Amino acid sequence: MSPDTNVRDVRVRSGPPPALRVRRTTTAILAGMAVIDLRSDTVTHPSPEMRRAMAEAELGDDVLGDDPTVNALEERAADLLGKEAALFVSSGTQGNLVAQLAHLQRGMETIAGTETHIIVDEAGGHAALVRTTVRPIRENADGTLPLDILAGAFREDDVHDPITGMVALENTHAMTMAQPLTVAYTRAVSDLAHGHDVPLHVDGARFFNAVVALGVSPRELAAPADSVTFCLSKGLACPIGSMLVGSRDFIFRARRARKQVGGGMRQVGVLAAAGVIALRDGPAGMIERLAEDHEHTRRLAIAIAAMDGIVSPGGLAQPQPGPLDPGRATTNFVLFRVERDRNEFLEALAKRGVWMVGYPHNQIRAVPHYGVSAADIETTIAAVAGALADTLRRPAQDLDEMPTTTEPSGPTSLEPEAARHRVAIAH
Ligand SMILES: Cc1ncc(COP(=O)(O)O)c(C=O)c1O
């Protein structure tokens, strides 16, 4: 970890997040104790160096194209992924949205995995704003779409059919316990798509986790895709922002689409400055560091998999029942079920100072990230054992219905009553 580490920033807060401020049931929080927050890699805070760079960033009006810090970030992102151009956007969702607006016309259809973020977690933006439909394909447990089914999913020229306008992959694929998709697979999909004159978009919210886990270069992994979105505000620890990369023409259309959805920002170099640091090579940046998160994730998965009461997450995360298979934790997610009431377990864990979160299929998710140390992982392992001991054994519910969201939910992510409602209805 760099000397700029902000472990305290992440773990010690002035108070609980809004979800828990409403009902202060958590002893750890009442006691003002440090919290190890593993709900998501989105909870990271910027490093001290990022904060300094943000304060000192050279600025201009980005809508006019003259914010030098944004321009530097966009040039770096494009170069890193080997594309002609890049666009700084507010979020992964906005990146995917403007990519769709740039690739698609009203009434077209996108082929994508059934449990991908673009389909289930972007508030129906494809329908409401892009005005397109989706053709979902059930993913394999490694996040791939079966190629034979994909090959048959492109529409023929029939007046009854929508026109296939885009194929979307998710890399890493969140619901599979964040498995990375390989260069060879991405190439096979793009060959199929291009054979039908259809572009391939990769929702790479955690693209660099895939790059690091696969040991490939960002250019190699991005090469088969026409466009890639990746998030700065997840494992790369920036406070905000995502990047969209592609050809110059595509990015021009995406820039107009971003303006259309109100995403044109002015002196936004204050935010882009953190991204410039995140994308630096080597230990000065945040990409190489992701290997540490993966190592922590593996350690956590191996330790809890050995505990009585921790079982397979089911679903795409681990289709086979039985014990949790720690071999599934290949990047930065551990997904599992407990032979407990999930909410009781999460509350018991929170009382011991560790936050995890409910996930679809009655799963629990833990995501090691910047600011979480090896010692925190050992503390977490002890807290999981303690929370299991604190709660009554029950059969792990196998709620295998389709999730309506892949976003975290549960008592530590939302106001508790609302969270329970959501869990009961949706998962
Ligand atoms: C796979 C995937 N794509 C896209 C997004 C959207 O990112 P954002 O929350 O920045 O809109 C997420 C967020 O968790 C994600 O997991």
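Over which residues towards the end of the numbering does pLDDT stay under 50, and how many contacts beyond four places in sequence does the model have for them? The stretch is residues 410-427, with 46 such contacts; pLDDT is the predictor's confidence in each residue, from 0 to 100, and two residues are in contact if their C-beta atoms, placed from the backbone, lie within 7 Å. Residues 1-28 likewise have pLDDT under 50, and for them the model has 52 contacts beyond four places in sequence. Where pLDDT is low, the predicted coordinates should not be read in detail. For the protein chain, the mean pLDDT is 89, and 85% of the residues reach 70 or more.

The structure is a predicted model, in which local features need pLDDT of at least 70 and side-chain atom pairs count only at pLDDT 80 or more, whereas totals for chains, interfaces and linings use all residues. Residues are numbered from 1 along each chain as its sequence is written.

The protein chain contains 18 helices and 13 strands, taken as DSSP runs (helices, H or I, of at least four residues; strands, E, of at least two) and numbered from the N terminus. Of its 427 residues, 55% are buried. A residue is termed buried if 20 or more other C-beta atoms lie within 10 Å of its own, exposed if 12 or fewer, and partly exposed in between, with C-beta atoms placed from the backbone. Among contacts with a separation of 6 or more, 77% join residues 24 or more positions apart.

An open sheet of mixed pairing is formed by 7 strands in the order 2-8-7-6-5-3-4, where two strands pair if DSSP finds at least two bridges between them. Its edges are strand 2 (85-89) and strand 4 (133-137), each of which pairs on one side only. On average, neighbouring strands of this sheet are turned by 20° against each other, direction ignored; axes are lines fitted to C-alpha atoms, for helices over the stretch in contact, and angles run from 0 to 180 degrees between N-to-C directions. Strand 2 is mostly covered, with 4 of its 5 residues buried. Its pairing with strand 8 (residues 242-246) is antiparallel and comprises 5 bridges, and Phe88 stands opposite Met243 of strand 8. Strand 3 (residues 109-113) and strand 5 (residues 164-170) are instead parallel, joined over 4 bridges, with Ile111 opposite Val167 of strand 5.

The loop between strand 5 and helix 10 (183-195) includes Thr172, and the peptide bond from Asn171 to Thr172 is cis, with omega near 0°. Met177 is placed in the loop between strand 5 and helix 10 as well. Its phi is near 70°, a positive value in a residue other than glycine, and Met177 counts as buried because it has 32 C-beta neighbours inside 10 Å. A positive phi, of about 55°, is also found at Ala123, which is not a glycine. Ala123 lies in the loop between helix 7 (117-120) and helix 8 (125-128), and is classed as exposed because it has 12 C-beta neighbours inside 10 Å.

The ligand is surrounded by Ser91, Gly92, Thr93, His117, Glu170, Ala174, Asp203, Ala205, Cys231, Ser233 and Ser242, the C-beta atom of a surrounding residue, placed from the backbone, lying within 6 Å of the molecule. This shell has 3 nonpolar, 6 polar and 2 charged residues; Ala, Val, Leu, Ile, Met, Phe, Trp, Tyr, Cys and Pro count as nonpolar, Asp, Glu, Lys and Arg as charged, and the others, Gly among them, as polar.

A further open sheet has 4 strands in the order 9-10-13-12, with antiparallel pairing. Strand 9 (310-311) and strand 12 (357-359) each have a single partner strand, so one side of each is left without a neighbour in the sheet. Strand 10 (residues 334-338) and strand 13 (residues 363-366) run antiparallel and are joined by 3 bridges, with Phe336 opposite Ile364 of strand 13. Helix 15 (residues 290-305) lies across strand 9, strand 10 and strand 13, at about 20° to strand 10.

Helix 16 (residues 342-351) is largely enclosed by the rest of the structure, because 8 of its 10 residues are buried. Just after helix 16, Gly353 takes a positive phi of about 90°.
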